[in-house]
Amino acid sequence: MDSLKSEIAATAARMVVEEGLEWGPAKRRAVRQLGLAARTALPDNEMLEDAVREYIELFCADTQPLELLALRRLALTWMERLAQFRPYLCGAAWHGTATRLSDIYLQLFCDDPKSAEIALIEHGVAYVPRTVTGFNGEAVDALSLSSRCPELNDMIGVHLMIHDLDDVRGALKPDARGRSPRGDHAAVLTLVRAAEHVQ
């Protein structure tokens with residue numbers, strides 16, 4: 001069973017890196033591509049993350065670090081614009097597995113859930129409202145927009161997930177591996193400066 005999950009994870013990892021697929025759809029498509037039953041047990045996100053890191057190391061080691069740095073710089077730009085909403089970066093750009101095909105995910109913690117939307121309207125930013133699953137498994141509002149990344153010369157999806165201010169304490173609990181599942185502006189800036197020092 002574990003070897004089957006590893007095979008699904010490896011196939012899904014290629015789709016995540018090469019096509020920019022989200023993890024859930026990538027796992028399901030990997031099952032179909034491998035000709036397995038739809039009810040086949042899927043690898044967990046930790047296993048897929050390990051497979052993604054392995055794929056990047058093998059096939060993208062020369063390009064991915066610069067792409068990740070560009071995305072984190074773009075994330076910082078939006079975090080500065082949205083500072084009043086206590087933004088935290090999460091997902092692949094935070095965990096270090098993002099490539100130029102990855103989107104940026106920011107979690108905002110607002111007193112008033114409509115305030116971030118009003119701020120975008122006031123600044124003339126076009127966005128699409130959606131509902132997504134939050135980190136506690138509940139439905140949360142999300143505002144999706146496209147932002148030009150000068151370093152990658154491409155448009156990048158930026159998704160703003162709107163949470164209540166009270167949720168911020170729970171958001172900072174370590175994940176299953178003891179890591180912080182998201183980072184504030186200072187934490188992201190530290191990662192960017194460390195990467196710039198290496199360049």
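Which residue stands opposite Ile162 in β5? Asp141 does. This is a predicted model, in which local features need pLDDT of at least 70 and side-chain atom pairs count only at pLDDT 80 or more, while totals for chains, interfaces and linings use all residues. Residues are numbered from 1 along each chain as its sequence is written, and side-chain values use heavy atoms, with hydrogens and water left out.

**View 1. Strand β5 and its partners.** Helices (H or I, at least four residues) and strands (E, at least two) are DSSP runs, numbered from the N terminus. Two strands pair if DSSP finds at least two bridges between them. β4 and β5 run antiparallel and are joined by nine bridges. β2 runs parallel to β5, with seven bridges between them; Phe109 has His163 in β5 as its bridge partner. Of the 11 residues of β5, eight are buried (under 20% relative accessible area; exposed is over 50%, partly exposed in between; 1.4 Å probe, protein chains only).

**View 2. The hairpin of β4 and β5.** Four residues lie between the strands. Asn153 takes a positive phi near 50 degrees in this hairpin.

**View 3. The largest nonpolar core.** A nonpolar core is a set of buried Ala, Val, Leu, Ile, Met, Phe, Trp, Tyr and Cys residues joined through side-chain atoms within 4.5 Å. The largest one has 33 residues, and Trp78 and Leu160 are among those with the most contacts inside it. Elements that each supply at least two residues include β2 (104-110), β4 (139-149) and β5 (154-164). α4 gives the largest share, nine residues.

**View 4. Surroundings of Trp78.** Leaving aside neighbours within four places in sequence, Trp78 is in contact (heavy atoms within 4.5 Å) with Leu106, Leu120, Val125, Leu145, Ser147 and Val158.
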